[in-house]
Amino acid sequence: MSSGRDGRIRVVGPGELNAGELDLWREIRAKSAAPANPFMEPEFTLAVSRVRPSARVAVVREGGEPAAFFPFEKGRFGRGRAIGFGVSDCQGIVARPELALDARELLRACSLSAWEFDNLEAGQELFAPGAADSYPSFVVDVGAGYEAYESGLRARSPKFFRTTAAKERRLGRQAGEVRFVFDERDPAALRQLMAWKSAQYRRTGRRDRFAQEWISTLVRHLAHTRAPGCSGVLSVLYAADRPVAAHFGLRSRTVLSCWFPSYDPEFAKYSPGLALHLRMAQAAASAGIGMLDLGRGAAEYKDGLKTGEIPVYEGASVRPGAGAALHWLGREPSRRAHGFVRGRPALAALAQRTLKQAGRLRGGC
């Protein structure tokens, strides 16, 4: 355990937080104006700490009790990252709005020269000056009920909806009765989803996240997590009792954070992933969930389903010193290269084709 110079900031392993502190974390988060994203709940940080020994939480006290919780991972040379960096879709500090806190003070207490984020939540003013890029995170608003969402979808994208519905009906006729399970508990279904997703990563030339043991273990653990603010939800679309598409994500009472969707390529012509997402939206609305967060990253299916966007940010909060220089040298050139490509559609399309070609070559080896 370490603490800030004035003793008001205490840094501990997540497992060292007591029940009262965890309850205060949940209470502070529940009173914030931000959407109830499950990645910001203590359960996610606790789950990450089981697979990432570098996980820490800074507890900031004010008026004799905790007023903020800052989860992070500490790396070499004082370089820190958001908890679950690389897979967490919402990041930042959980703090009372009136808390007076300086980012440099916080980083100093955590012995960090820099804290890197890639999905910083909107409204995180403490870290906003360190944001280098912003991205839209696409959302589906079902707060008024699924019928209202479907009616809006029919009006906005009539061809998209008609085609998706027709393909699902054809799937039922040609492959067997279609059924959907919103909260599937069968471990075999989760293993199937992870296998599909790994193959998809390789097929598209991307790094296979599930080849990293800490990520696959984290997902398996979260699949068994059941808490009001953070529960694992595995949703599966079946045809004749055969899974054809699945999704694993995290939910709170009001937000379903979409995380790992995939499908069986054998059924690609039926667009089972789209049918799955529409079924998820319907089931989520029935369960009292008001928003599905599809996450950042452009995708055709997101364009079809979304009702809006919320921004997330990428960058780093740094404090002066040699560690900050090391962070800049290690991260900023590649970030700027990505930004250069992203801002030029033709170049971005070429990069995407190159990734897919590399994936096909690897698959043939």
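**Close-up views of a predicted model**

View 1. Leaving aside residues up to four places away in sequence, histidine 277 touches Pro261, Leu294, Tyr301 and Leu305. In this predicted model, histidine 277 has its place in helix H8, where it is buried, with a relative accessible area of 6%. A polar atom of the histidine 277 side chain lies 2.9 Å from the backbone oxygen of glycine 273.

View 2. Leucine 274, like histidine 277, is placed in helix H8, and at 18% relative accessibility leucine 274 counts as buried, the cut-off being under 20%. The C-alpha atoms of leucine 274 and glutamate 168 are separated by 9.1 Å, although the two residues are 106 residues apart along the chain.

**View 3. The packing of helix H4 against helix H5.** Helix H4, residues 146–156, packs with helix H5, residues 158–175, at an angle of about 115 degrees, and the axes of the two helices are 5 Å apart. This angle makes H4 roughly perpendicular to H5. From H4, the residues Tyr146, Glu150, Leu153, Arg154, Ala155 and Arg156 take part in the contact, and they meet Pro158, Phe160 and Phe161 of H5. Sorted by class, the contact of H4 with H5 holds six nonpolar and three charged residues, with no polar ones.

**View 4. The packing of helix H4 against helix H8.** H4 and H8 pack at an angle of about 145 degrees, with a distance of 9 Å between their axes. Tyr146, Tyr149 and Leu153 are the H4 residues of this contact, and they meet Leu278, Ala281, Gln282 and Ala285 of H8. The residues in the contact of H4 with H8 divide into six nonpolar and one polar, with no charged residue.

**View 5. Helix H2 and the elements around it.** Helix H2 spans residues 42–51, and seven of its ten residues are buried, so H2 is largely enclosed by the rest of the structure. The buried residues are Pro42, Glu43, Phe44, Thr45, Ala47, Val48 and Val51. These buried residues of H2 pack against helix H1 (19–31), strand E3 (55–62), E4, helix H7 (213–222), strand E11 (242–251) and E12.

**View 6. The loop between strand E12 and helix H8.** Both glutamate 266 and serine 271 are found in the loop between strand E12 (255–263) and helix H8 (272–286). Glutamate 266 counts as exposed at 55% relative accessibility, whereas serine 271 is buried, with a relative accessible area of 16%. The side chains of glutamate 266 and arginine 242 are joined by a polar contact of 2.9 Å. From C-alpha to C-alpha, glutamate 266 and valine 244 are 8.4 Å apart in space, and they are 22 residues apart in sequence. Serine 271 has a phi near 50 degrees, which is a positive value in a residue other than glycine.

**View 7. Phenylalanine 77 in the loop between strands E4 and E5.** Phenylalanine 77 is found in the loop that connects strand E4 (65–74) with strand E5 (79–82). Although phenylalanine 77 is not a glycine, its phi is positive, at about 60 degrees. Phenylalanine 77 counts as exposed, at 56% relative accessibility.

View 8. The protein chain contains eleven helices and 14 strands, and 50% of its 365 residues count as buried. Among the contacts in the chain with a separation of 6 or more, 73% come from residues 24 or more positions apart. The chain averages a pLDDT of 90, and 86% of the residues score at least 70. Over residues 346–351, however, the pLDDT is below 50, and this stretch has four contacts in the model beyond near neighbours in sequence. Over residues 358–365 the pLDDT likewise stays under 50, and for these residues the model has seven contacts beyond four places in sequence.

Notes: Residues numbered from 1 in each chain as written. Predicted model: local features only at pLDDT ≥ 70, side-chain atom pairs only at ≥ 80, totals over all residues. Heavy atoms only, no water. Axes fitted to C-alpha atoms, helices over the stretch in contact; angles between N-to-C directions. Helix = DSSP H or I, 4+ residues; strand = E, 2+ residues; numbered from the N terminus. Parallel < 35°, antiparallel > 145°, perpendicular 65-115°, else oblique. Contact = heavy atoms within 4.5 Å. Nonpolar A, V, L, I, M, F, W, Y, C, P; charged D, E, K, R; others polar. pLDDT = per-residue confidence, 0-100. Buried < 20%, exposed > 50% of the residue type's maximum accessible area, 1.4 Å probe, protein only. Polar contact = N/O pair within 3.5 Å; in protein donor to acceptor, adjacent residues only side chain to side chain.
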